[in-house]
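Hi there,

Here is the model I promised to pass on to you. Have a look at it first, and then read my notes below.

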Amino acid sequence: MKTIHLPGIIAMATVVVASNILVQFLLLDGLLTWGAFTYPLAFLINDVMNRVYGPSAARRVVLVGFVVGIICSLIGSQIILEFGPAVSLRVAVGSGAAFLVAHLLDISVFDRFRDGKWWRAPLASTLVGSTVDTALFFTIAFSQSVTVFGADADAAISWAWAGAPFLTFGAEMPLWVTLAVADWLVKLTLALVALVPFRIIVGSLTARTT
């Protein structure tokens, strides 16, 4: 592991830890959590590393984030709150799988558009990665169609199956669908906002390495 990659590694680990903590704090009557606003920074870190140091460095940073995420899930599973562990089995598996798949996909998409206009690669990769991340996580963690985890694991997240107005004003559907869409909309918004720090950080790091 090159020393030059340490800032990216530390940043990714910090974002993963912070997001695992902040996901416990709700916003808008539970529609979102504070973690929804910190987690998308992981895609920014991934894209900066990819642009400045290449896909191999980005994959190392993703691997570190994945391992840190597993550690956070293991710790969270031992913290018992009012309705059960802070991190249930399905949430832990969904979180890890979504992170790894989405961020590796982010790297691949970024490479596909690397030689285009500066904004195209980070925007395309983050939009694709964020969409896959949201779909995988919420499906694995909360969908009733996933039945491989057993009755106890399903019971721990059964609150997400309750009917609720879509985004608080639409037709009634399972609560987890609204949570997924709200989370996805935040990710898409932050993907656009993140183009500004991406440009600034990449410019600064590129100047230092040339």
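What follows is a short tour of what turned up, from the whole chain down to single residues.

A word on the ground rules: this is a predicted model, in which local features need pLDDT of at least 70 and side-chain atom pairs count only at pLDDT 80 or more, while totals for chains, interfaces and linings use all residues. Residues are numbered from 1 along each chain as its sequence is written, and side-chain values use heavy atoms, with hydrogens and water left out.

**The chain as a whole**

The chain has nine helices and six strands, where helices (H or I, at least four residues) and strands (E, at least two) are DSSP runs numbered from the N terminus. Its radius of gyration is 18 Å, close to the 17 Å that the globule rule gives for 210 residues, so the chain is as compact as a globular protein of that length. (That radius is taken over C-alpha atoms, and the rule is 2.2 Å times the number of residues to the power 0.38.) Along the principal axes, the C-alpha atoms fill a box of roughly 55 × 35 × 30 Å.

Of the 210 residues, 43% count as buried, meaning under 20% relative accessible area, with exposed being over 50% and partly exposed in between (1.4 Å probe, protein chains only).

**Salt bridges**

The whole structure holds four salt bridges, each a side-chain nitrogen of Lys or Arg within 4 Å of a carboxyl oxygen of Asp or Glu. One of them pairs Asp-111 with Arg-114 (2.6 Å, N to O), and Asp-111 is partly exposed at 31% relative accessibility.

Asp-133 forms a salt bridge with Lys-187, with the closest N and O atoms 3.4 Å apart. Asp-133 lies in helix 6 and Lys-187 in helix 8 (residues 175-193), so this pair ties together parts that are 54 residues apart in sequence. Lys-187 also bridges to Asp-183, where the closest N and O atoms are 2.2 Å apart; these two both lie in helix 8, four residues apart, about one turn of the helix. Lys-187 is buried, with a relative accessible area of 3%, and Asp-183 is buried too, at 12%. Through shared partners, Asp-133, Asp-183 and Lys-187 form one network.

**Two buried residues**

Thr-134, in helix 6, is buried at 5% relative accessibility. Its side chain makes a polar contact of 3.1 Å with that of Lys-187 (a pair of N or O atoms within 3.5 Å; within protein, one must be able to donate a hydrogen and the other to accept it, and residues adjacent in sequence count only if both atoms are side-chain atoms). Leaving aside neighbours within four places in sequence, Thr-134 is in contact with Ala-180, Asp-183, Trp-184 and Lys-187.

Ser-143 sits in the loop between helix 6 (120-142) and helix 7 (151-156) and is buried, with a relative accessible area of 6%. Its side chain makes a polar contact with the side chain of Ser-145 (2.7 Å). Not counting residues up to four places away in sequence, Ser-143 touches Arg-90, Phe-138, Trp-161 and Trp-176.

Enjoy exploring it!

Best wishes

Conventions. Contact means heavy atoms within 4.5 Å.
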